[in-house]
Amino acid sequence: MRKLMSPPSSALDGARSDLVVYFSGSRWDGPPGHDRHMVEALSRFRPVLFVEPPVSALTRLKRPELGGLLDQPRLRVLGPRLAHLVTPVVPGYSRPGLHRLVPLIVRRATRQAVDRLYGSASREPVAAVISSRFEDSGSALPARRRLFYATDDLVAGAEMLGLPRNRLLREEARSLHRADTVAVVSTAIQERYARNGVVAELIPNGCRPDVYADVDEAPVPAGVALTGPVVGLLGHINDRIDLSLLEAVADTGSSMLIVGPVAPGYHAERFAAFTERPNVCWVGPKPYVEMPSFLRLIDVGLTPYADNAFNRASFPLKTLEYLAAGRGVVATPLPAITWLGTDLVSTASTPAEFAARVQAALAVPRTEELAARRRAFAREHGWDRRAERLAELLEVGAA
């Protein structure tokens, strides 16, 4: 196994006692999720080490969009306040037995990374450890504050994700016990924890309004031949998405643009037939930096989540991103949508109702005033505000 690279002499700003170590449940490379967005915003306040889930040779086979992740140094300094750590492990690390060894490997790699960033002479605690995953990867690292951040309800989605529910319950209970503070991304998780006597702070997902500020001047993407107006879906296409809702919208004849990877086995024949319709264009996964170009083509964005416990506990990123681009939104009535409390998002549950809401949304002219109102609402839910609240919970100001 290769050794950790030696970081440049500049390493990270501040001292070891300023560092926040964030154990992420999602990866840095590929489409950015909650953890990457939060860490980038949090790095405004403190230097942050982003520790992503372990990676094996099989990960690259299953996730080709990650490219040469295993060929990169395990520790990368991405900027004066941001570093990234990935720990290679053996294939099958989530299997019973092996899953107990992985946290030990990650803990050792994290300690080595912190030593390389700030020197091994000091053993003062870092400012905080945040974890959005259940594994005990950070308990051996001295820290002034420990926060568990539930960004999805893995217990509710155990069957859908193919994970052992009872093991998740045990690991979740241990994670909650280790934490000084608990934060959650949705009211559904907050309410479940409250029933078990756990007080959790609600810090939902946010958006990056700056990314979509000039969406209408973004380069027009090649390979999309659709007649406007256009409805669109951006993001991962998997069992969280209710395909019947998309089919109902396409049945109306509306042009539809779909951008994102499709999970293996997701209604394979049915989805293939759907994307062969002349009014449907699926372009596959695209880099995040190209999202403004695709959103330029869209008039109404879709959040067509299936009605299940996992989705009801989620907070879809795409809803706020559509609004940040000044676009209309039609979504299924998730608790997260209800929490937003705005008439800027239309909701419907059944395929017929969903298609009707989309048609009604397409009929509304996108005036400058309406687009500005949507963008203003999105700015109220920016990642910077979410990170500011997280920093308050951790009792860390700007370093």
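**Reading a sheet and its helices**

Q: How many bridges join strand β9 to strand β10?
A: Five bridges link β9 (residues 230–234) with β10 (residues 255–259), and the two run parallel. Strands here are DSSP runs of E, at least two residues, while helices are runs of H or I, at least four, numbered from the N terminus. Two strands pair if DSSP finds at least two bridges between them. V230 stands opposite S255 in β10. This is a predicted model: local features need pLDDT of at least 70, side-chain atom pairs count only at pLDDT 80 or more, and totals for chains, interfaces and linings use all residues. Residues are numbered from 1 along each chain as its sequence is written, and side-chain values use heavy atoms, leaving out hydrogens and water.

Q: In what order do the six strands of the open sheet come?
A: The order is β11-β10-β9-β12-β13-β14, with parallel pairing.

Q: How do I read two packed helices?
A: You describe them by the angle between their axes and the distance between the axes. Axes are lines fitted to C-alpha atoms, for helices over the stretch in contact, and angles run from 0 to 180 degrees between N-to-C directions. Here α11 (residues 317–324) and α14 (residues 368–379) pack at about 135°, axes 7 Å apart.

Q: Which residues make that contact of α11 and α14?
A: L320, L323 and A324 of α11 meet R374, R375, F377 and A378 of α14; contact means heavy atoms within 4.5 Å.
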